Amino acid sequence: MADKRIYIFDTTLRDGEQVPGCKLITSQKVEIAQRLEALGVDVIEAGFPISSPGDFQSVVDIAKAIKIPTVCGLTRAVKKDIEVAADALTYAKNPRIHTGIGTSESHIKYKLRSTQEEILERAVWAVKYAKSFVEDVEFYAEDAGRTDNIFLAKILEAVLKAGATVLNIPDTTGYCLPDEYGAKIKFLQENVKGIDKAIISTHCHNDLGLATANSIAGIQNGARQIECTINGIGERAGNTSLEEVVMIMRQHPYLNFTNNINTRQLNPISQLVSERMGMPVQPNKAIVGANAFAHSSGIHQDGVIKKRETYEIIDPLEVGVDQSKIVLTARSGRAAIAYRAKNIGFELSKLQLDKVYKSFLQVADGKKEVSDEDLTEIIEKVNVVSTEYSK
Ligand code: KIV
Ligand code: ZN
């Protein structure tokens, strides 16, 4: 089966930066954009230029600094938004305007106080207007996840005719189940005339913890672009995590999805974004969390020490983590103690290990984690000679 190239659209600097407390200054945004370019993303959504002079300037500076990826600016289906975004993207080598409007019943009735007919007209107008500035125009149907499929198909067909190059199907509220979201993409593939000329994009929020699963269901049903953020940051519970979708594609090669990401940079860029935004990564976060390659129970430690693959499906080096961690806790067993003791220079005989293990448990029961210093003290108390000393 032929490879299916998936475009990675990073919105860390737009949807991600909307998070309270995550605001960045322009120089930090340019720094992150350059690291995203080195990571290999295809599109960088640099900001929402009309939203503030600072965001406008960030899009200008990112557009100047970035050479290969497309640089994208967000707009509403509003004349001034589109003009300001076009202006901010003047220096981009590959500019894209991302325009759109709410399409669900709830958005049309309560937020926009409008009708389907008017929304369709505004959508077509916005795409045509954006197209008068740039060739590459992405249309988002906000709240597509809760939009009636027949109306969604109708509006997408109309914006395609108006010149949209990418069709974004956001699950704005993170409501969809993976099979439902996948079926939506399939329905659009089968019912929108001319859709083969455009790229279908996923943009999934994580309100029910399904953003990654929904994005994967999207590409399994014909989408070719995933919108995502580093560390999964974004409005409310966040967006699809870039590192998760990329590693899913890599760990399941039989699916034949390819992308351009240099996975060894995933952990370093995760740390950079976390530091610059002052937003810690939860320790159990897949791929980039501090515990993603840490093993603390005796059964797991014994397995990993014998063969890493028994409890790890990813080689930590592949994602830029130096090595797996064997953490010493009251749940650890003899294999882990012997392993960590050897790392700090003590080769324990079976008898010595039995003695060390007994004292270790007493210490470990009173602590969350036993450090190398603690272990050295325990070993020295039971009179084990370090291999370093015995040389
Ligand atoms: O979640 C959403 O619908 C969005 C759009 C503006 C693309 O972020
Ligand atoms: Zn969003």
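The protein is divided into domain 1 (4-277) and domain 2 (295-390), with the bounds coming from an automatic or database domain assignment. This is a predicted model, in which local features need pLDDT of at least 70 and side-chain atom pairs count only at pLDDT 80 or more, while totals for chains, interfaces and linings use all residues. Residues are numbered from 1 along each chain as its sequence is written, chains are lettered from A and ligands numbered from 1 in the order in which they are written, and side-chain values use heavy atoms, with hydrogens and water left out.

Let me turn to how the two domains meet. Their C-alpha centres lie 45 Å apart, and 8 residues of domain 1 are in contact with 7 residues of domain 2, where contact means heavy atoms within 4.5 Å. The area buried between them is about 630 Å², of which carbon and sulfur atoms give 49%; buried area here is the accessible area (1.4 Å probe) that two parts lose on being put together, summed over both.

Which residue forms a salt bridge with R250? That partner is E318, and the closest N and O atoms of the pair are 2.6 Å apart. By salt bridge I mean a side-chain nitrogen of Lys or Arg within 4 Å of a carboxyl oxygen of Asp or Glu, and between domain 1 and domain 2 the count is 1. On the side of domain 1 that touches domain 2, α10 (242-251) and α11 (266-277) each supply at least two residues, helices being DSSP runs (H or I, at least four residues) and strands likewise (E, at least two), numbered from the N terminus.

Next, the metal site. The zinc ion (ligand 2) is coordinated by D15 (OD), H203 (NE2) and H205 (NE2), at 2.1 Å. Since D15 lies in helix α1 (residues 12-16) and H203 in strand β8 (residues 199-204), the pair ties together parts that are 188 residues apart in sequence. Donors are N, O and S atoms within 2.8 Å of the metal (3.2 Å for Na, K and Ca), and water is not among the atoms, so sites may look incomplete.

Finally, the salt-bridge rule gives a count of 30. One of them joins K29 to E17, with the closest N and O atoms 3.6 Å apart; K29 sits in helix α2 (residues 26-39) and E17 in the loop between α1 and α2, 12 residues apart.
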